[in-house]
Amino acid sequence: ALPEFRKHLVGFTAFVEGWGLYSEHLGIEMGLYDTPEKNMGRLSYEMWRACRLVVDTGMHAKGWSKAQAVAFMRDNSALSDANIEAEVNRYISWPGQALGYKIGELKFRELRVRAEQALGPKFDVRRFHDAALGQGPVPLEVLERQIDDWIAGEKVRN
C-alpha cells in the first residue's frame with residue numbers, strides 16, 4: 001500500500017504522461033484501430049504530440065517567439081486556432097513538459113522490450129504492467145530498478 005502522501009503527489013510527469021502514451025500503443029496491439037478512420041485519428045494525435053515536442057524545444061532552446069510556435073502548429077497539425085493557442089501557452093509556462101512525457105513513453109517501451117527479451121515465453125504483459133504501476137508514479141530511474149528486480153524475480157518464479 002502506498003503512503004497517503006504518495007497517493008496525492010503531483011509530479012513525475014515522465015512516468016504519468018509516459019504511461020499514457022505507452023498505453024496508447026496497447027490499442028495497436030489489441031487491434032482497436034481497425035478502420036482507416038480510427039487509425040487516422042491515432043496518427044493525427046501522434047502528429048500533434050510531435051508538434052508539441054518541436055514547439056517546446058523551439059521556444060525554450062531555440063528562442064522561438066510565440067508567433068513562431070503558433071505558426072508551426074498551424075502548419076503542421078489539424079488543431080483549431082483555439083487549441084493551438086492553448087497548447088502554445090501550455091508550453092510557454094511549462095518548459096520541458098512535452099519532452100518529459102515522450103521520454104517516459106520511450107522508457108516504458110524500452111523496459112517492456114527488455115522484459116520480453118529477458119523472459120521470453122515467461123513474459124506476461126499483465127504482470128509487467130502490474131510491476132510497472134505497482135508503486136505508483138516514481139522517477140524513471142526507480143521504475144527501471146523496479147522492472148529489473150521484477151525481471152529477476154520472474155526468472156526464478158515457477
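Rings of Phe, Tyr and Trp (its six-membered ring) pair if their centres lie within 6.5 Å; planes under 30 degrees apart count as stacked, over 60 as edge-to-face and the rest as tilted. This is a predicted model: local features need pLDDT of at least 70, side-chain atom pairs need pLDDT 80 or more, and totals for chains, interfaces and linings use all residues. Residues are numbered from 1 along each chain as its sequence is written, and side-chain values use heavy atoms, without hydrogens and water.

**Exercise 1. Describe the fold.**

Step 1. Count the elements, taken as DSSP runs numbered from the N terminus (helices: H or I, at least four residues; strands: E, at least two). The protein chain has 8 helices and 0 strands.

Step 2. Take the extent. The C-alpha trace spans about 60 × 40 × 25 Å along its principal axes.

Step 3. Check burial, where buried means under 20% relative accessible area, exposed over 50%, and partly exposed in between (1.4 Å probe, protein chains only). Of the 158 residues, 35% count as buried.

**Exercise 2. Trace the aromatic rings.**

Step 1. Count the pairs. The structure holds 8 aromatic pairs.

Step 2. Classify one of them. The ring centres of Trp19 and Tyr22 are 5.1 Å apart and their planes stand at 40°, so this pair is tilted.

Step 3. Trp19 and Tyr22 are about one helical turn apart, because they are 3 residues apart in helix H2 (residues 13–29).

Step 4. Take another pair. Phe123 and Phe128 are also tilted, at 6.0 Å centre to centre and 45° between the planes. Both Phe123 and Phe128 are buried.

Step 5. Find the cluster. Ring pairs link Phe15, Trp19, Tyr22 and Phe108.
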